[in-house]
Amino acid sequence: MSRPIILFGLDGATFTVLDDLVRRGVMPFLGEFIQTGARGTLKSTIPPLTPPAWTTFVTGRSPGHHGIFNFYQYEDAVSSCPRIVTSRQVRCETLWSIVSRASKRCGSLNFVAHSPAPKVNGTIVPGWVPWRWVKKHSHPEGVIDLFQNEIPGFDLRELAMDFKEEEKAVAGNELEDYDGWIDVHVRREKQWFRCLKHLLTEDRPDLLGIVFDGVDKLQHLLWQFLDPACQPDHPSEQFLSTRSRCWEYFSFVDGFLKETVKLAGKDAMVLIASDHGFTGTTEIVYINSWLADQGYLAWSDRATPESRASQGLGAAHPYHLTHMDPEKTKAFASSASNNGIHISVAGVRGEHGIDPGEYESFRDELSRKLLTECVDPESNEPLVTRVWTRDEVFSGPQMQLAPDLTLELRDGGFFSVLRSDVVVKPRVAVMGCHHPDGVLIARGNGIRAGTTLSPTHLLDIAPTALYALGVPIPEDLEGTVIQEMFTQEFRNDAPVEFGPATTAVDESTSTHPADFADEESEAQVLMRLKALGYIE
Amino acid sequence: MSTDRNSIKADLLKVLTEFRDDWEYTDEITESTGVFGDMGFESIDLVALGSAIEDHYNQSLPFAEFLMNATEQQVSDITIGNLLDFLTENLHDGKASA
């Protein structure tokens with residue numbers, strides 16, 4: 001067996017928080033890990049958002065190629081309603097598939113847009129799946145039964161995402177029960193770690209990836225307790241109590257890391273990575289209200305300033321879209337998570353919208369107005385600091401699914417899509433939001449110790465992991481091997497080797513290329529279930 | 001694969017009953033069974049059910065449009081019979097395959 005590679009994903013992790021927790025002694029093992037490893041900034045996608053970012057991480061391709069732009073998005077170039085993303089919309093081969101084709105074994109736990117699980121040589125338990133469907137959408141068939149029988153304390157309901165709870169983080173709602181929120185995520189991370197331990201000890205995959213997403217969820221709602229810059233001079237007892245509970249969560253993560261490194265063995269390489277970083281947001285920009293004020297958007301009868309129709313992940317459908325009148329709307333934001341604006345073009349997703357011939361002039365005019373006229377009414381300061389067209393940031397065969405414009409707001413936050421009487425208002429308390437600078441920390445056999453790396457990008461992770469595994473790097477991956485992360489001795493022994501391009505995903509059936517491995521993996525699980533007497 | 005109402009009903013019940021025990025729903029599933037009120041689904045489960053049905057028929061279905069055209073109250077009252085009506089209207093003979 002080759003040297004095992006562990007991709008230890010911490011969703012939303014940022015050095016702003018991690019360094020502080022190391023300094024305070026909350027994460028002692030992480031401190032040791034950093035001192036004896038290599039660390040650097042890992043740049044995220046534009047916008048820095050979980051589905052496109054982790055999909056870039058596992059494919060080594062940019063969103064315009066892999067086709068994942070948001071939690072909800074249009075399924076194809078003509079569909080009129082967004083749907084929650086699934087693995088069927090991932091149009092590029094994943095790391096799991098590439099290593100399977102190289103006759104290596106993989107494990108993937110809690111990655112977004114992996115449901116239903118593609119068939120690979122190994123195990124995939126997808127994240128972002130309601131508990132009732134995890135069993136059906138995992139690979140190989142029977143693996144959840146196996147976990148239930150072999151892993152003490154395994155609880156599917158605790159493992160799976162509670163979408164009603166998650167809405168709080170995505171929608172940025174205020175939360176009263178901080179302790180309950182933290183407890184939910186401690187329990188969930190423990191469940192995922194049990195799965196990781198099981199795979200590490202029983203399956204010993206060559207490449208094993210996991211995402212702990214509680215880091216993101218805690219930071220969204222509890223940023224004021226985690227950001228060192230937000231700490232009050234004279235904290236209340238309540239503040240100290242909640243901060244202590246937050247630290248408890250990170251202490252568990254530190255313990256998971258320590259045990260993972262131990263179980264993986266001395267030959268392993270462990271890469272800690274986040275899909276994006278984090279920062280604080282202090283205001284809410286109601287972008288659709290601004291578009292309405294400018295005459296680009298018309299509200300429907302369903303929209304009232306009080307309407308709080310679901311815009312979060314727990315909804316079967318993003319109902320807030322029905323708050324707009326499609327016949328009179330030319331531009332709108334469809335999601336509170338990606339700062340994207342769609343332009344309605346007649347004949348593309350319906351009959352209504354601007355004339356196709358006006359597209360570029362309309363887009364340019366809207367961009368200009370967003371940058372110069374979308375302002376804070378009190379200070380007259382621009383609320384939008386940057387506008388990207390989709391040609392600039394989503395170039396590729398899947399670009400038609402992306403928003404026409406992507407915005408950067410002055411405080412780095414994500415806008416709201418709901419109707420409001422004001423364009424901007426301050427938040428009651430600072431909330432966490434995504435930042436482009438994530439983290440990369442690597443340690444293990446072949447990794448330079450005590451090294452600070454130049455900034456790298458999520459695109460670089462897939463080629464780097466393949467290089468470390470000794471698998472030829474497909475020539476169509478967009479990133480590069482992070483060579484400075486490796487010792488000279490390692491690099492001398494293992495020159496970078498390129499191979500043929502990735503195998504295309506069959507768009508008609510969404511079949512991933514490693515499906516050949518399915519029967520073998522399922523047979524192994526069936527044998528173990530039979531041995532346990534679970535099936536006849 | 002036939003797409004008449006009875007065979008669709010049999011297929012839908014097969015998808016649902018496959019996991020019913022895990023979901024701790026032991027009552028009989030009939031056309032009047034409420035997806036939310038009786039089976040205890042959360043709304044995201046309906047999205048997953050839609051994907052499972054699409055998988056079964058290997059055919060894309062306008063679930064998003066179906067939900068878009070309903071009020072939130074109508075969605076919360078969806079029954080198995082409503083789903084059958086939708087599937088019967090939108091599944092096409094010849095396109096579906098197992």
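Colleague: Where in chain A is A:E381 found?

Modeller: In this predicted model, A:E381 is found in the loop of chain A between α14, which covers 359-372, and β12, which covers 384-389.

Colleague: What makes A:E381 count as exposed?

Modeller: A:E381 has 11 C-beta neighbours inside 10 Å, and a residue is called exposed if 12 or fewer lie within that distance, so A:E381 counts as exposed.

Colleague: Which residues is A:E381 in contact with, leaving aside its neighbours within four places in sequence?

Modeller: With those neighbours left aside, A:E381 is in contact with A:V375, A:D376 and A:R410. As for A:Y74, it lies 307 residues from A:E381 in sequence, and the two are 33 Å apart in space, C-alpha to C-alpha.

Colleague: Turning to the helices of chain A, why is α11(A) called roughly antiparallel to α12(A)?

Modeller: Helix α11 (residues 214-226) and helix α12 (residues 237-264) of chain A have axes that come within 10 Å and cross at roughly 155 degrees. Angles over 145 degrees count as roughly antiparallel, and therefore α11(A) is described as roughly antiparallel to α12(A). The crossing in which α11(A) passes α12(A) is left-handed.

Colleague: Which residues make the contact of α11(A) with α12(A), and how do they divide by class?

Modeller: On the side of α11(A) the contact is made by A:G214, A:L218, A:L222, A:F225 and A:L226, and on the side of α12(A) by A:F239, A:T242, A:R243, A:C246 and A:Y249. These residues divide into seven nonpolar, two polar and one charged.

Colleague: Which residues make the contact of α1(B) with α2(B)?

Modeller: From α1(B) come B:D11, B:L12 and B:V15, and from α2(B) come B:A52, B:I53 and B:H56. By class, the contact of α1(B) with α2(B) has four nonpolar, one polar and one charged residues.

Colleague: For chain A overall, how many helices and strands are there, and what percentage of its residues count as buried?

Modeller: Chain A has 18 helices and 19 strands, and 55% of its 536 residues count as buried. Among the contacts in chain A between residues at least 6 apart in sequence, 73% join residues at least 24 apart.

Note on methods:
Residues numbered from 1 in each chain as written. Chains lettered and ligands numbered in written order. Predicted model: local features only at pLDDT ≥ 70, side-chain atom pairs only at ≥ 80, totals over all residues. Contact = placed C-beta atoms within 7 Å. Helix = DSSP H or I, 4+ residues; strand = E, 2+ residues; numbered from the N terminus. Nonpolar A, V, L, I, M, F, W, Y, C, P; charged D, E, K, R; others polar. Buried ≥ 20, exposed ≤ 12 C-beta atoms within 10 Å, placed from the backbone. Axes fitted to C-alpha atoms, helices over the stretch in contact; angles between N-to-C directions. Parallel < 35°, antiparallel > 145°, perpendicular 65-115°, else oblique. Left-handed = near helix turned anticlockwise from the far one by under 90°.
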